[in-house]
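Hi everyone, thanks for coming. Please have a look at the chain on the screen, and then I'll walk you through it.

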Amino acid sequence: MEVFIIRLLQFMLSISLLVLLHEGGHFFFARLFGVWVEKFYLFFDVKLGKWDGSIVKTKADKLVEGKTTQYGIGWLPLGGYCKIAGMIDESFDTEQMKQPAKSWEFRTKPAWQRLLIMTGGVMVNFLLALFIYSMVLFTWGDQYFKVSDMTEGMKFNSEAKALGFHDHDVLIGTEQGDFKDFSADLFRDLAVAHQVRLVRQGQQMTLSLPGNLNLLDMLKSDPTFCRPFIPAVIDSIMPGTEAERLHLAKGDTVKAIGGKTIDSWNEYTYQTGILSDMLAAATTADDSLQIRSTHIVVARATQGVTDTLAVTLDKELHLGVVQLPLYKLYQPTKVEYGFLESFPAGISYGLNVLGGYVGDLKYLFSADGAKSLGGFGAIGSLFPPVWDWHMFWLMTAFLSIILAFMNILPIPALDGGHVLFLIYEMLTGRKPSEKFMIGAEYVGFGIVILLMVVANLNDILRWLGYM
């Protein structure tokens with residue numbers, strides 16, 4: 001429960017900040033051009049009976065011709081909004097649109113001003129992400145494990161081995177350049193590469209690849225296409241566990257579990273994953289106990305002997321050992337940035353994140369891609385289980401880029417839909433009719449709601465174990 005609350009608080013703080021600044025971008029340009037903003041809300045003030053849905057509400061700021069803006073916090077924490085007078089938006093205020101147009105309304109302003117008002121939120125989110133990335137690099141620097149420094153190489157799955165990879169291959173790069181760290185970018189490069197440079201048993205070589213590997217399959221396969229090879233050496237023992245009862249110790253090496261040879265923690269995790277699937281299918285307590293009762297083979301570090309031990313794993317199939325972490329195998333690379341240096345580095349970092357995200361969207365239009373959609377639960381789970389400001393700001397910047405990109409998509413009800421119709425108006429000199437705009441808003445709003453339902457339903461199905 002504590003982990004859930006910490007993640008929830010980080011998620012709520014991050015989203016609240018991004019929504020406020022996004023809507024603040026719309027508000028800034030609306031105010032700049034003398035457009036009345038009727039309401040500025042964090043969260044949605046959905047009405048319940050006679051209650052208007054506001055938790056906090058105040059009138060302030062006379063902006064145009066004696067008009068005031070209502071600021072508030074709604075009860076439904078699904079975003080926020082900036083209600084701009086004379087504009088067809090998600091409020092569907094058609095009554096206002098039936099009245100004669102006023103000089104302080106959105107619809108009376110020149111198209112270029114309306115374009116800036118509509119893109120204000122996206123601009124703020126995009127610039128905010130670049131600024132956060134810059135400040136993260138300035139404050140913490142960039143620390144990572146360089147792939148070419150991983151002398152144990154990678155552990156590959158069967159699909160990768162069919163392409164010619166061997167366990168312990170040290171990956172260097174592709175025709176697109178050298179790999180930096182073990183991240184999604186490495187998989188993206190391998191997916192489109194025709195050649196990959198690597199070191200095998202101390203010898204440099206080049207392996208040919210097809211250039212059209214499915215990135216989603218590479219990431220979703222179990223085990224994944226490749227992951228850093230971690231020797232099955234025990235780093236420490238958790239007190240009160242089966243490992244302590246068996247007198248396992250730091251430096252011991254797990255050689256086998258359940259009759260299956262273990263060459264790494266990667267393989268250990270895979271084999272316990274198979275046991276987990278069997279455990280989920282167990283129908284009785286006896287069946288469960290039989291699955292959890294197995295044998296392990298351990299090479300003792302101090303005695304220089306190998307023991308075969310009968311073990312009973314706990315209900316989560318934990319033995320009670322702490323695996324050897326990556327930082328105890330390799331020295332991380334750390335790059336420090338001065339204040340001015342951090343800005344070009346942060347911009348480059350942010351553009352790379354955006355490019356990777358946009359490139360991955362093509363997988364959304366497939367059955368597996370639709371299943372990979374995640375809602376609030378999936379996003380919240382990306383935050384660390386402990387409060388970590390470094391990770392918090394990285395996640396906030398990432399969500400800000402997503403929010404900017406998703407909002408600029410040409411879907412009615414999103415900022416990009418309004419931008420699309422404004423560009424049409426500027427090119428043709430003709431405004432789409434209000435009837436058409438209202439109909440398009442309903443269609444776009446329906447699409448957005450459908451995507452939200454699918455994404456959050458996926459979260460529920462994953463939580464129930466059906467996906």
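Let me begin with a question: at what angle do helix H10 and helix H13 pack, and how far apart are their axes? Helix H10, residues 339–360, and helix H13, residues 389–408, pack at about 55°, and their axes are 10 Å apart. H10 and H13 are therefore oblique to each other, and their crossing is right-handed. On the H10 side, the contact is made by Tyr349, Gly350, Val353, Leu354, Tyr357 and Val358. H13 brings Leu394, Phe398, Ile401, Ile402, Phe405 and Met406 to that contact.

Before I go on, please keep in mind that this is a predicted model. Here is the overall picture. The chain has 467 residues, and 43% of them are buried. Its secondary structure comes to 15 helices and 18 strands. Along the principal axes, the C-alpha atoms fill a box of roughly 90 × 50 × 40 Å. If you take contacts between residues at least 6 apart in sequence, 66% of them join residues at least 24 apart.

Now to another helix pair, H1 and H3. Helix H1 covers residues 2–32 and helix H3 covers residues 111–140; their axes come within 7 Å and cross at roughly 140°. That makes H1 oblique to H3. The crossing of H1 past H3 is right-handed. From H1, the residues in contact are Leu18, Leu21, His22, Gly25, His26, Phe29 and Ala30. They meet a stretch of H3 that includes Leu116, Ile117, Gly120, Gly121, Val124 and Leu128.

Val37 is buried, with a relative accessible area of 0%. Its C-alpha atom is separated by 6.9 Å from that of Phe27, 10 residues apart along the chain.

Next comes Gly53, in the loop between strand S1 (37–44) and strand S2 (54–62). Is Gly53 buried or exposed? Gly53 counts as buried, at 0% relative accessibility. Gly53 and Gly74 are 21 residues apart in sequence, yet their C-alpha atoms are 5.9 Å apart in space. Setting aside neighbours within four places in sequence, Gly53 touches Phe44, Asp45, Val46, Lys47, Ile73, Gly74 and Trp75.

Let's move to a sheet. Four strands form an open sheet in the order S14-S13-S15-S16, with antiparallel pairing. Strand S14 (260–261) and strand S16 (306–312) stand at the edges with a single partner strand each, so one side of each has no neighbour in the sheet. As a reminder, strands of a sheet pair through backbone hydrogen bonds, either parallel or antiparallel.

Inside this sheet, strand S13 (residues 253–257) and strand S15 (residues 293–299) run antiparallel and are joined by four bridges. Ala256 stands opposite Val297 in S15. Helix H9, residues 285–292, packs on the sheet and touches S15 and S16, with its direction at about 10° to that of S15. Helix H8, residues 265–281, lies across S13 and S14 and runs at about 35° to S13.

How many bridges pair S15 with S16? Seven bridges do, in the antiparallel sense. One of the pairings puts Ala299 with its bridge partner Thr306 in S16. Six residues sit between the strands in this hairpin, and there Gly304 takes a positive phi near 70°.

Two other residues have a positive phi without being glycines. His247 has a phi of about 60° and sits in the loop between helix H7 (242–245) and S13. Leu317 has a phi of about 65° and lies in the loop between S16 and strand S17 (321–323). His247 counts as exposed at 64% relative accessibility, whereas Leu317 is buried with a relative accessible area of 6%.

For those of you who like backbone geometry, Asp222 and Pro223 are joined by a cis peptide bond, with omega about 0°. Pro223 is in the loop between helix H6 (215–220) and strand S11 (226–228).

Conventions: Residues are numbered from 1 along each chain as its sequence is written. This is a predicted model: local features need pLDDT of at least 70, side-chain atom pairs count only at pLDDT 80 or more; totals for chains, interfaces and linings use all residues. Side-chain values use heavy atoms; hydrogens and water are left out. Two strands pair if DSSP finds at least two bridges between them. Contact means heavy atoms within 4.5 Å. Axes are lines fitted to C-alpha atoms, for helices over the stretch in contact, and angles run from 0 to 180 degrees between N-to-C directions. Angles under 35 degrees count as roughly parallel, over 145 as roughly antiparallel, 65 to 115 as roughly perpendicular and the rest as oblique. A crossing is left-handed if the near helix is turned anticlockwise from the far one by less than a right angle, and right-handed if clockwise. Buried means under 20% relative accessible area, exposed over 50%, partly exposed in between (1.4 Å probe, protein chains only).
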